[in-house]
Amino acid sequence: MKFRIVYNAWWMRRGWGMVFWSWMWFGLKESEVSDRHYRHELQHCYQVKRKGRLWFLISYALLWLRHGAFWGGYRNHPYEVEARQHQDNPLTAEEIAWRERRRITL
Ligand SMILES: [Zn+2]
């Protein structure tokens, strides 16, 4: 499963990142994205790989309705909790190479 990394997405709120379908978007320049932020978004790619693209989207939305939508935010969303638990993992050589190529292959 492949993903492309896109920086400086004009439509994204500055400082934010997200994984949608087969893209990892950042509202930041490449040099501004920390290892930690990249690793967080990468965990969402691993989730997409695990669930499948469509089911990831559907289940993300369903879990958001259940855990976040009416309480303001994403803190308790299980996919976000998991991503936060992994965001301080050291990047592997492969993960660093994906970032340099702006292409992730899982
Ligand atoms: Zn996240």
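**View 1. Helix α1 (residues 35-51) crosses helix α3 (residues 78-86) in this predicted model.** The axes of the two helices come within 8 Å and cross at roughly 130°, where axes are lines fitted to C-alpha atoms, for helices over the stretch in contact, and angles run from 0 to 180 degrees between N-to-C directions. That makes α1 oblique to α3, since angles under 35 degrees count as roughly parallel, over 145 as roughly antiparallel, 65 to 115 as roughly perpendicular and the rest as oblique. On the α1 side the contact is made by R39, H40, Q43, H44 and Q47, and on the α3 side by Y79, E82, A83, R84 and H86; two residues are in contact if their C-beta atoms, placed from the backbone, lie within 7 Å. Sorted by class, this contact has 2 nonpolar, 5 polar and 3 charged residues, with Ala, Val, Leu, Ile, Met, Phe, Trp, Tyr, Cys and Pro counted as nonpolar, Asp, Glu, Lys and Arg as charged, and the others, Gly among them, as polar.

Residues are numbered from 1 along each chain as its sequence is written. Because the model is predicted, local features need pLDDT of at least 70 and side-chain atom pairs count only at pLDDT 80 or more, while totals for chains, interfaces and linings use all residues.

**View 2. Helix α1 also packs against helix α2 (residues 53-67).** Here the axes are 6 Å apart and the angle is about 110°, which makes α1 roughly perpendicular to α2. The crossing of α1 past α2 is right-handed. Q47, V48 and K51 in α1 meet R53, W55, F56 and S59 in α2, a contact with 3 nonpolar, 2 polar and 2 charged residues.

**View 3. An open sheet is formed by 4 strands in the order β2-β3-β1-β4.** The pairing in this sheet is mixed, and two strands pair if DSSP finds at least two bridges between them; helices (H or I, at least four residues) and strands (E, at least two) are DSSP runs, numbered from the N terminus. β2 and β4 (103-105) stand at the edges, each with a single partner strand, so one side of each has no neighbour in the sheet. Strand β1 (residues 2-6) pairs with β4 in the antiparallel sense over 3 bridges, and R4 has R103 in β4 as its bridge partner. Helix α1 packs on the sheet, touching β1, β2, β3 and β4, and its direction makes about 15° with that of β2.

**View 4. Strands β2 (residues 17-20) and β3 (residues 23-26) form a hairpin.** The two strands pair in the antiparallel sense over 4 bridges, and M18 has W25 in β3 as its bridge partner. Between the strands lie 2 residues, and W21 takes a positive phi near 55°.

**View 5. A9 lies in the loop between β1 and β2.** A9 is partly exposed, with 16 other C-beta atoms within 10 Å. Leaving aside neighbours within four places in sequence, A9 is in contact with W25, F26 and G27. A9 and K29 are 20 residues apart in sequence and 8.9 Å apart in space, C-alpha to C-alpha.

Terms used
A residue is buried if 20 or more other C-beta atoms lie within 10 Å of its own, exposed if 12 or fewer, and partly exposed in between; C-beta atoms are placed from the backbone. A crossing is left-handed if the near helix is turned anticlockwise from the far one by less than a right angle, and right-handed if clockwise.
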